[in-house]
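Good morning, colleagues. I would like to walk you through a few local features of the structure that is now coming up on the screen.

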Amino acid sequence: MPAARPSGRGCRARVANRRTCSSVHRDNIRNGVRGHLAGRRVDRDTWIVRKMHGPRLRRLALLAGVVGCGVLGCTTPEPEISPQRASPQPRSGIPAGLIAFVSDREGVEALYLMQANGTEVRRLTQELPPVSHPAWSTDGRWLAFNAGTPMRSDIYLISPDGSGLTQVTRDASANFYPSWSPDGRRLAFSSNRDGDWDIFVMNVDGSNVRQLVNSPGLDDKPQWSPDGSRIGFATTRRGAPELRAVDPDTGVEGPLLPRTVHGINPAWTPDGSRLAYNVVTSVGFDIAVMAADGSEARSVVAESPSEERPRWSPDGRSLAYYSDAEGSWDVYVVHVQTGVRHALTDAPGFDGQPAWQPVTAQ
């Protein structure tokens with residue numbers, strides 16, 4: 001039986017109840033780009049960036065406070081919609097389907113599923129190390145995810161009914177951020193197996209591993225484009241994180257868009273017409289969208305220190321993401337056009353890293 005959870009929310013509550021946060025969150029608090037002066041818990045999703053590049057990001061954040069984010073290239077696109085406060089009820093108008101997410105509500109980070117309106121929450125993984133970064137196959141029949149520690153983690157597969165758990169990678173390195181090819185035959189991922197964080201691709205059974213990106217700095221958070229021609233990813237090779245792309249077959253790399261975009265977590269709509277991503281700000285991350293050619297950039301959510309990992313609904317009208325807007329990490333859905341958002345979870349601790357099941361499985 002899972003240990004009883006402490007009262008209160010987030011890492012601070014755990015310390016107050018004489019429970020210590022995991023080393024991941026302690027390191028995040030020490031190295032986070034935001035500093036978290038209020039003592040908020042920092043998410044695992046950006047631990048590697050902050051652990052490996054914390055001092056440089058802190059300097060960038062401090063510099064932004066002096067000279068302005070515009071000089072550093074970290075300005076959020078000009079808002080065109082007004083942010084709305086999240087409301088747990090009602091949740092009408094949210095597209096149907098399943099959302100996979102990560103939660104530590106039972107003591108350790110595990111994979112959960114819920115309906116897109118936040119109901120029917122159920123745990124999917126059992127007896128695994130801490131889980132993170134779920135990703136649906138294009139047909140919606142499988143989830144890829146990683147499980148382990150920030151320095152040693154493997155990629156697994158599981159079906160949404162909990163069957164078919166399969167370990168894909170088996171090595172002494174850290175393998176993170178799986179992303180499916182549109183045909184369901186390959187996975188892109190980030191790994192430190194060569195001593196640096198770079199982008200790799202492999203068959204879905206773990207065979208034929210190939211390195212696509214090999215550069216100094218951190219290359220991670222790959223996302224396959226819907227047409228299969230590119231893998232978008234984030235890199236810190238020139239300082240502040242920026243978005244680039246690589247051809248999954250040839251390894252030829254270039255900018256993701258015609259202009260430099262500072263951010264992480266690129267995500268295309270299912271039809272490939274628009275791109276959502278996390279904008280790097282002086283205090284954390286906001287969410288912006290743009291046309292796939294880089295035009296029409298605008299802010300969607302810019303309310304709290306951090307709103308992270310946007311993932312599109314099957315109809316391309318809404319985004320699932322997670323935020324610490326209410327004091328701990330929870331999963332939200334925002335309608336991109338109107339800015340109306342809803343909180344889908346409200347549990348103590350961490351709920352985050354949502355992934356929306358493709359419509360083909362519904």
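Throughout this talk, a residue is called buried if its relative accessible area is under 20%, exposed if that value is over 50%, and partly exposed in between, for a 1.4 Å probe and protein chains only. The model is a predicted one, so local features need pLDDT of at least 70 and side-chain atom pairs count only at pLDDT 80 or more, while totals for chains, interfaces and linings use all residues. Residues are numbered from 1 along each chain as its sequence is written, and side-chain values use heavy atoms, with hydrogens and water left out.

Let me begin with His-133. Strand S4, residues 131-136, contains His-133; strands here are DSSP runs of E with at least two residues, and helices are runs of H or I with at least four, numbered from the N terminus. His-133 has a phi near 60 degrees, a positive value in a residue other than glycine. With a relative accessible area of 1%, His-133 is buried.

Asn-208 also has a positive phi, near 55 degrees, and is not a glycine. Asn-208 sits in the loop between S10 and S11. Its relative accessible area of 48% makes Asn-208 partly exposed.

Four strands form an open sheet in the order S8-S9-S10-S11, with antiparallel pairing; two strands pair if DSSP finds at least two bridges between them. The edges are S8 (175-180) and S11 (210-211), each of which pairs on one side only. Strand S10, residues 198-203, is joined to S11 by two bridges in the antiparallel sense. Val-201 stands opposite Arg-210 in S11.

Next, which residues does Ser-103 touch, beyond those up to four places away in sequence? They are Val-108, Glu-109, Ala-110, Tyr-112, Phe-350 and Asp-351, where contact means heavy atoms within 4.5 Å. Ser-103 belongs to strand S1, residues 98-103, and is buried at 0% relative accessibility. A polar atom of the Ser-103 side chain lies 3.3 Å from the backbone oxygen of Phe-350.

Finally, I turn to Gly-294, in the loop between strand S18 (285-291) and strand S19 (298-301). Gly-294 is buried, at 10% relative accessible area. Neighbours within four places in sequence aside, Gly-294 is in contact with Leu-257 and Arg-259.

Thank you for your attention.

Technical notes:
A polar contact is a pair of N or O atoms within 3.5 Å; within protein, one must be able to donate a hydrogen and the other to accept it, and residues adjacent in sequence count only if both atoms are side-chain atoms.
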